[in-house]
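Subject: Structure for your review

Dear colleague,

My notes on what was found in it follow directly after it.

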Amino acid sequence: MNERLHLSERHRTQLMSLLLEHLPGVEVWAYGSRVNGRSHDGSDLDLILRSSGLNKISHDRLARFEEAVRQSRIPFLVEVRNWEGLPQHFRRKVERHCVLLNPNRRVIVNRSK
């Protein structure tokens, strides 16, 4: 199966803009139903955030980003998690099936194997 991010161009553009504004320099991975082909229009979007040096992203930065998403026109839940706080077994699961969103270069790379 050819996996890719199930997200409209309009919502992708909004999301990238919010990421650049609130979380510049943070690597963002999408995973879950919007990557594995089991989503529908109302499915949530699961994101993993990885800062440079893999340091924990502050609660304030996350809260500002989450509030900006809630105030946006993105009509579904966007759930974010810090890579730093994830258990090792969950990290391995995400690494197998994720899509890297790089808002700094507007590139999407499929990391699925």
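**Asp46 and its surroundings**

Leaving aside its neighbours within four places in sequence, Asp46 is in contact (heavy atoms within 4.5 Å) with Trp29, Ala30, Tyr31, Gly32, Glu79 and Arg81. Please note that this is a predicted model, in which local features need pLDDT of at least 70 and side-chain atom pairs count only at pLDDT 80 or more, while totals for chains, interfaces and linings use all residues. Residues are numbered from 1 along each chain as its sequence is written, and side-chain values use heavy atoms, with hydrogens and water left out.

Asp46 belongs to strand β2, residues 45–50. Helices (H or I, at least four residues) and strands (E, at least two) are DSSP runs, numbered from the N terminus. Asp46 is buried and has no salt bridge; the nearest side chain of opposite charge is that of Arg81, 4.1 Å away. Buried means under 20% relative accessible area, exposed means over 50%, and partly exposed lies in between, with a 1.4 Å probe and protein chains only. A salt bridge is a side-chain nitrogen of Lys or Arg within 4 Å of a carboxyl oxygen of Asp or Glu. For charge, Lys and Arg count as positive and Asp and Glu as negative, while His and the chain ends are not counted.

**Salt bridges**

By this rule the count comes to 3 salt bridges. Arg81 takes part in one of them, with Glu79, at 3.5 Å from N to O. Both residues are partly exposed: Glu79 has a relative accessible area of 27%, and Arg81 has 30%.

Another salt bridge joins Glu27 to Arg50, whose closest N and O atoms are 3.0 Å apart. Because Glu27 lies in strand β1 and Arg50 in strand β2, this pair ties together parts that are 23 residues apart in sequence. Glu27 is partly exposed at 31%, whereas Arg50 is buried at 17%.

Arg70 and Glu67 also form a salt bridge, with the closest N and O atoms 3.0 Å apart. These two residues are 3 residues apart in helix α3 (residues 59–71), a separation of about one helical turn.

The protein has 4 helices and 5 strands, which run α-β-α-β-α-β-α-β-β from the N terminus on. Of its 113 residues, 44% count as buried.

Strand β1 (residues 27–31) is mostly covered, with 4 of its 5 residues buried. Two strands pair if DSSP finds at least two bridges between them. β1 pairs with β2 in the antiparallel sense over 5 bridges, and Trp29 has Ile48 of β2 as its bridge partner. β1 also pairs with β4 in the antiparallel sense, over 4 bridges; here the partner of Ala30 is Val99.

Which residues of helix α4 (residues 88–96) are buried? They are Phe90, Arg91 and Val94. Seen down the axis of α4, the buried residues fall within an arc of 105° (taken from the directions from the helix axis to the C-beta atoms), so they line one face of the helix. The face turned away from that buried side carries the exposed residues His89 and Lys93. The cover over the buried residues of α4 includes β1, β2 and β4.

Yours sincerely
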